[in-house]
Amino acid sequence: MRCPFCQNEDTQVKDSRPTDDKSAIRRRRFCPACGARFTTFERVQLRELTVVKKTGRKVPFERNKLERSLDIALRKRPVDPDRVERMINGIVRRLESMGENEIDSDQIGRLVMEGLESLDQVAYVRYASVYRNFREASDFEKFLGKMTGTEEDEVFHEEP
């Protein structure tokens with residue numbers, strides 16, 4: 001493993017232990033060249049996944065990109081990081097077990113929406129605003145109306 005600080009290729013593992021959900025191995029590493037300490041995670045990867053974008057462009061699936069998008073949706077929300085990690089692991093496992101190497105970006109978005117809906121309603125709406133490309137406040141009103149089961153005109157209007 002290359003040191004992220006000095007790029008030395010000879011680092012030493014000082015400690016290894018499984019993560020809480022047993023889905024990865026956490027390794028504490030030490031670089032003898034610069035003295036830096038850092039952590040790496042080793043996860044099982046069942047297959048190489050490729051994401052097919054709406055434009056048809058194909059890019060390698062990146063777990064970190066999924067994590068970043070969830071971090072943005074969940075920013076300043078009272079959600080336990082362990083629950084988020086379990087959700088990410090679940091999404092990745094589902095994608096890998098679909099039997100396909102190429103996954104539509106819409107499919108990933110639906111799985112994230114599904115997970116966020118039960119995890120945090122505010123994050124769910126935040127993510128939906130980007131995923132569904134909301135352009136106006138009325139888009140939020142319609143979405144919230146569907147979420148709560150109320151009609152569109154009843155969402156934000158009070159009776160006189």
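Which elements of the protein chain have the lowest and the highest mean pLDDT? Colour the chain by pLDDT, the predictor's confidence in each residue, from 0 to 100. Helix α5 has the lowest mean, 77, and strand β5 (residues 58-60) the highest, 95. Helices (H or I, at least four residues) and strands (E, at least two) are DSSP runs, numbered from the N terminus.

This is a predicted model, in which local features need pLDDT of at least 70 and side-chain atom pairs count only at pLDDT 80 or more, while totals for chains, interfaces and linings use all residues. Residues are numbered from 1 along each chain as its sequence is written, and side-chain values use heavy atoms, with hydrogens and water left out.

The chain averages a pLDDT of 85, and 91% of the residues score at least 70. Select residues 151-160: pLDDT stays under 50 there, and the model has seven contacts for them beyond four places in sequence. Contact means heavy atoms within 4.5 Å. Where pLDDT is low, the predicted coordinates should not be read in detail.

**The core**

Next, select Phe 61, Leu 66, Leu 70, Leu 74, Leu 95, Val 112 and Leu 116. These have the most contacts inside the largest nonpolar core, which has 29 residues. At least two residues of this core come from each of α1 (63-73), α2 (81-96), α3 (105-119) and α4 (121-131). A nonpolar core is a set of buried Ala, Val, Leu, Ile, Met, Phe, Trp, Tyr and Cys residues joined through side-chain atoms within 4.5 Å. Buried means under 20% relative accessible area, exposed over 50%, and partly exposed in between (1.4 Å probe, protein chains only).

Centre on Leu 116. Beyond four places in sequence, Leu 116 touches Leu 70, Ala 73, Leu 74, Met 87, Gln 121, Ala 123, Tyr 124 and Tyr 127.

Move to Val 84 in helix α2. Val 84 is buried, at 11% relative accessible area. Its contacts outside four places in sequence are Leu 74, Val 79 and Leu 119. Val 84 and Leu 119 are 35 residues apart in sequence, yet 8.2 Å apart in space, C-alpha to C-alpha.

**Helix α4**

Select α4. Its buried residues are Ala 123, Tyr 124, Val 125, Tyr 127, Ala 128 and Ser 129, and their cover includes α1, α3 and α5 (137-148). At the N-terminal end, Asp 120 is the cap, with a side-chain oxygen 3.2 Å from the backbone nitrogen of Val 122. Just after the helix, Asn 133 takes a positive phi of about 60°.

Ser 69, Ile 72 and Ala 73 in α1 meet Ala 123, Arg 126 and Tyr 127 in α4. The residues of this contact divide into four nonpolar, one polar and one charged.

**Strand β3**

Thr 40 lies in strand β3 (residues 37-43) and is buried, with a relative accessible area of 13%. Show the side chains of Thr 40 and Arg 29, which make a polar contact at 3.2 Å. A polar contact is a pair of N or O atoms within 3.5 Å; within protein, one must be able to donate a hydrogen and the other to accept it, and residues adjacent in sequence count only if both atoms are side-chain atoms.

**Two positive phi values**

Most residues other than glycine have a negative phi. Select Gln 7, in the segment before β1 (12-18), where phi is near 70°; Gln 7 is partly exposed at 42%. Finish at Lys 76, in the loop between α1 and α2. Phi of Lys 76 is near 65°, and Lys 76 is exposed at 79%.

Note on methods: Ala, Val, Leu, Ile, Met, Phe, Trp, Tyr, Cys and Pro count as nonpolar, Asp, Glu, Lys and Arg as charged, and the others, Gly among them, as polar.
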